[in-house]
Amino acid sequence: MDLTTGIQSIKGVGEKSSALFAKLNIYTVGDLLKYYPRGYERFEAPVNVRDAVEGEVQSFSLRIVKAAAMKKIRNLTILNYVAADNSGQVGLTFFNMPFLKNTLKTGEIYIFRGVFREGRLEQPRFFKEDDYRKLCESIQPSYSLTKGITNNSIKKAVAQVLSHYDFAQDHLPLWIREKYSLMGYEEAVHTMHFPDSMDKLFEARKRLVFDEFFLFLLIVRRDKTKLSRQKSPFTLIETADVQRLVESLPYKLTSGQKQVLSEICADMTSGNVMSRLVQGDVGSGKTVLAG
């Protein structure tokens with residue numbers, strides 16, 4: 001498995017799933033590894049109903065006390081439950097999930113997570129207690145999605161690739177990583193998808209941002225070097241006109257202007273294609289050099 005390996009090489013990703021991944025511009029293993037989460041979610045310990053904060057995402061450990069009442073409104077199926085803990089009751093509403101009538105059992109305890117509003121949770125996620133305990137206090141990735149593909153399916157695909165992909169040698173030398181206190185590339189990619197802590201996540205971002213700028217500068221330098229070796233079809237020779245113009249000015253050039261002028265003249269008479277940008281603040285004297 002390498003960066004160009006197709007997404008269908010991942011177990012559980014078939015033709016239909018790969019078409020959904022394509023909507024997210026994910027075609028290869030490399031695309032998937034670089035499809036970093038848009039955010040992260042922390043799974044905190046469940047709160048009591050009486051301590052719920054209006055309008056915030058929270059988790060509750062609730063027992064189903066009233067079986068689902070199902071009704072249909074045109075193409076919409078609505079399931080309503082009543083669940084409770086020792087401090088109060090919560091209404092649960094699910095839309096277009098009729099199968100839950102056989103999944104959520106009266107008398108059983110589940111962890112429900114969602115936005116608490118006016119004593120209700122609409123379309124909450126739910127977990128068995130043991131499953132939620134494993135997630136509790138962890139940091140879970142949240143990916144940008146498209147219709148038909150779930151956050152969990154992306155997580156599973158990424159986890160599978162990370163467990164099989166050979167990152168080989170880090171493309172940044174050790175001395176650069178040590179100089180700028182950068183974590184290794186493999187660890188950074190792992191951490192971006194499945195961080196152990198927010199501190200580690202910040203370190204991973206720092207490494208990957210450094211990579212982007214570093215590689216960009218390498219490409220710019222490569223292109224500049226390549227261009228500087230390209231022969232110019234126009235052969236220029238230095239004349240006294242430049243010096244006469246400088247001497248005719250009612251003021252003297254600054255040391256900085258003189259240095260840039262010397263570099264421009266050297267570039268123009270080198271016999272190679274010149275690629276130069278003269279940059280400076282307003283009023284710093286760029287125009288006279290261009291003249």
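Student: How many salt bridges does the structure hold?
Tutor: This is a predicted model, and every value discussed here is computed from it. A pair counts when a side-chain nitrogen of Lys or Arg lies within 4 Å of a carboxyl oxygen of Asp or Glu. By that criterion, the number of salt bridges in the structure is nine.

Student: With which residue does E41 form a salt bridge?
Tutor: The closest N and O atoms of this pair are 2.6 Å apart. E41 lies in strand β1 (residues 39-42) and its partner in strand β7 (residues 125-127), so the bridge ties together parts that are 84 residues apart in sequence. The partner of E41 is R125.

Student: In which helix do D130 and R133 both lie?
Tutor: The side chains of D130 and R133 meet in a salt bridge, at 2.7 Å from N to O. The two residues are three apart, about one turn of the helix. R133 is exposed, with a relative accessible area of 54%. The helix that holds both D130 and R133 is α3 (residues 129-135).

Student: Are D170 and R207 buried or exposed?
Tutor: These two side chains form a salt bridge, with an N to O distance of 2.9 Å. The pair links distant parts of the chain, 37 residues apart, with D170 in the loop between α4 and α5 and R207 in helix α7. Both D170 and R207 are buried.

Student: Which element supplies the largest share of the largest nonpolar core?
Tutor: This core has 30 residues, and F21, L32, L33 and I154 touch the most other members. At least two residues come from each of α1, α2 (29-33), α4, α6 (185-193) and α7. The largest share is five residues, and the element that supplies it is α4.

Student: Which residues does L33 contact, leaving aside its neighbours within four places in sequence?
Tutor: L33 is among the core residues that touch the most other members. Outside its sequence neighbourhood, the contacts of L33 are L3, V161, L162, Y165, F167, V189 and H193.

Student: How many residues make up the second, separate core?
Tutor: Nonpolar side chains in soluble globular proteins tend to be buried together. The second core includes V49, A68, V90 and L104. The number of residues in this core is 18.

Student: Is I7 buried or exposed?
Tutor: I7 is placed in the segment before α1 (15-22). Leaving aside neighbours within four places in sequence, its contacts are V13, S18, F21, I26, Y27, T28 and L32. Because its relative accessibility is 4%, I7 counts as buried.

Student: How many bridges join strand β2 to β3?
Tutor: Strand β2 (residues 57-73) and β3 run antiparallel, and M70 stands opposite L79 in β3. Their hairpin has two residues between the strands, and R74 there takes a positive phi near 55°. The number of bridges joining β2 to β3 is eight.

Student: What is the bridge partner of Y81 in β4?
Tutor: β3 and strand β4 (residues 88-95) pair in the antiparallel sense over eight bridges. A hairpin of two residues joins them. Strand β3 (residues 76-85) is mostly covered, with seven of its ten residues buried. The partner of Y81 in β4 is L92.

Student: Is E118 buried or exposed?
Tutor: E118 lies in the loop between β5 (109-117) and β6 (120-122). Its phi is positive, about 50°, although it is not a glycine. Because its relative accessibility is 71%, E118 counts as exposed.

Student: What accessible area do F234, L236, M268 and M274 have together?
Tutor: These residues form a nonpolar patch on the surface. One of them, L236, is found in the loop between α7 (198-228) and α8 (241-248), and is partly exposed at 41% relative accessible area. Together the four have an accessible area of about 400 Å².

Methods:
Residues numbered from 1 in each chain as written. Predicted model: local features only at pLDDT ≥ 70, side-chain atom pairs only at ≥ 80, totals over all residues. Heavy atoms only, no water. Buried < 20%, exposed > 50% of the residue type's maximum accessible area, 1.4 Å probe, protein only. Helix = DSSP H or I, 4+ residues; strand = E, 2+ residues; numbered from the N terminus. Pairing = 2+ DSSP bridges. Contact = heavy atoms within 4.5 Å. Patch = residues over 30% accessible without salt bridge, like charges linked within 9 Å, V, L, I, M, F, W, Y side chains within 5 Å. Areas by Shrake-Rupley, 256 points an atom, 1.4 Å probe, with all protein chains shown as cover. Core = buried A, V, L, I, M, F, W, Y, C linked by side-chain atoms within 4.5 Å.
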